[in-house]
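Q: Hi! I've just opened this one and would like to talk through a few spots in it. Can you walk me through them?

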Amino acid sequence: MKRQLKMAATVSSLKVTSLRRLCPVFCLKNGYFLVFLLVTICNFQRFSAAADEHDFTEDFFKKEYSLAKPYSGLGFSSFSQWDLMGTAMVTPDYVRLTPDLQSRQGAVWSRVPLILKDWELKVHFKIHGQGKKNLNGDGLAIWLTKDRMNNGAVFGNMNQFTGLGVFLDTYPNAEKSHDRSFPYVSVMLGNGSLVYDHDQDGRPTELGGCSALVRNSVHDTFLLVRYSTKRLTVMVDVDGKGEWRTCTDITGLRLPSGYYFGASSATGELSDNHDIISMKLYQLTNEPTSEEAEEEEEVTIPRVDNMEQFQVKVEEGGEGMSGLQLFFTLLFSIMGLGVLGVVAMILYSRWKENKRKRFY
């Protein structure tokens, strides 16, 4: 009996010892598991929030106004909602507006006029090439205009357009560009008579803009254009964080209905690949206030309330001279008059000498 009790005590002791040895390992594993579970939940919430920023309710997705994979029959089929123009070409992964070659123009235009009052356009694009910074060009533009399928000098589209243009400009044409860094995103509203000044990078008609690193990015690059209750907001996501950054917010902007979406690009002496991966349109539902309902009117020409507040000051190179320029101008003028005076005196002296010889 004593021997059995002793053996039982020994077994119990061994079990306790084994549990003591296993407990730290077991607790440690549990701790690691809890930490892993907590990190997983946090990451899931973060990625879900990022997805919510980019993925909108599918119920409001408007396929008839959107361009997305697969690009079945794009530009060739009568069933396609989009047309190609110029050097634009379709691949399985993107629509290339212009290749990395000089003097190219290309565009893609919707065939369906927009009749939505409030909308949101999300553009997935890529600008890339072999050229170094500021040795590339020229950029691309997103359009909502009255006219479509027109070549021109404004990123491959016509100048003096009627409608909205959002420009992703990658090359500074102006000599003095200290007020901004490039690439630069800007907004212009055309009424059919306003001219986009290419030499000034559109400053005289710019409504707003921001600098954004949209070229040769290792991340996916997105542009968001939102129009709701006479307010236009442009946002970018170019740093891979899945977060929208406001580029410009313009109030009192009025757009007519029946205009066409499009995207165009152009290269000159400098070039880049300009690709459109998708252009997805979503309808926004906003209940207008009683005041907005009373003020609602039919818009026939795009306009902005109080246009003067958006004017960007531009230094005109041809008007006025600095003090140094005036000094050198006067100096060279005096020197020129002096040279003319000396030449005149020499000619006069020779004329008098020849006249004197005639009397001998």
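A: Happy to! One term before we start: two residues are in contact when they have heavy atoms within 4.5 Å. Also keep in mind that this is a predicted model.

Q: Good, then which residues is Asp 272 in contact with, leaving aside its neighbours within four places in sequence?
A: Asp 272 is in contact with Thr 98, Pro 99, Asp 100, Ile 127, His 128, Gly 129, Asn 136, Gly 137, Arg 215 and Thr 267.

Q: And where does Asp 272 sit?
A: You'll find Asp 272 in the loop between β15 (260-266) and β16 (273-283).

Q: Is Asp 272 buried or exposed?
A: Asp 272 counts as buried because its relative accessibility is 0%, and the cut-off for buried is under 20%.

Q: What does the Asp 272 side chain reach?
A: The side chain of Asp 272 reaches the backbone nitrogen of Gly 129, at 3.3 Å.

Q: Let's switch to Glu 206. Where is that one?
A: Glu 206 is also in a loop, the one between β9 (184-191) and β10. With a relative accessibility of 5%, Glu 206 counts as buried.

Q: Which side chain does the Glu 206 side chain make a polar contact with?
A: With the side chain of Tyr 184, at 2.9 Å. As for another tyrosine, Tyr 196 is 10 residues from Glu 206 in sequence, and the two are 8.9 Å apart in space, C-alpha to C-alpha.

Q: New topic: how many disulfides are there?
A: The count comes to 1 disulfide. The bond joins Cys 210 to Cys 247, with an S to S distance of 2.1 Å. This pair links distant parts of the chain, 37 residues apart: Cys 210 is in strand β10 (residues 208-211) and Cys 247 in strand β13 (residues 245-251).

Q: What about the handedness of that disulfide?
A: The disulfide of Cys 210 and Cys 247 is left-handed, because the torsion about the S-S bond is about -110 degrees.

Q: Are those cysteines buried or exposed?
A: Cys 210 is buried, at a relative accessible area of 8%, and Cys 247 is buried too, at 10%.

Q: Now for the outside. Which residues form a nonpolar patch on the surface?
A: Leu 331, Phe 332 and Met 335 do, and together they have about 300 Å² of accessible area.

Q: Where is Phe 332, and why does Phe 332 count as exposed?
A: Phe 332 lies in helix α3 (residues 323-357). Its relative accessibility is 53%, and exposed means over 50%, so Phe 332 counts as exposed.

Notes. Residues are numbered from 1 along each chain as its sequence is written. This is a predicted model: local features need pLDDT of at least 70, side-chain atom pairs count only at pLDDT 80 or more; totals for chains, interfaces and linings use all residues. Side-chain values use heavy atoms; hydrogens and water are left out. Patches are made of residues with over 30% relative accessible area and no salt bridge: like charges are joined within 9 Å, nonpolar side chains (Val, Leu, Ile, Met, Phe, Trp, Tyr) within 5 Å. Accessible areas come from the Shrake-Rupley method with a 1.4 Å probe; for residues, only the protein chains shown count as cover. A salt bridge is a side-chain nitrogen of Lys or Arg within 4 Å of a carboxyl oxygen of Asp or Glu. Helices (H or I, at least four residues) and strands (E, at least two) are DSSP runs, numbered from the N terminus. Buried means under 20% relative accessible area, exposed over 50%, partly exposed in between (1.4 Å probe, protein chains only). A disulfide is a pair of cysteine sulfur atoms within 2.5 Å. A polar contact is a pair of N or O atoms within 3.5 Å; within protein, one must be able to donate a hydrogen and the other to accept it, and residues adjacent in sequence count only if both atoms are side-chain atoms.
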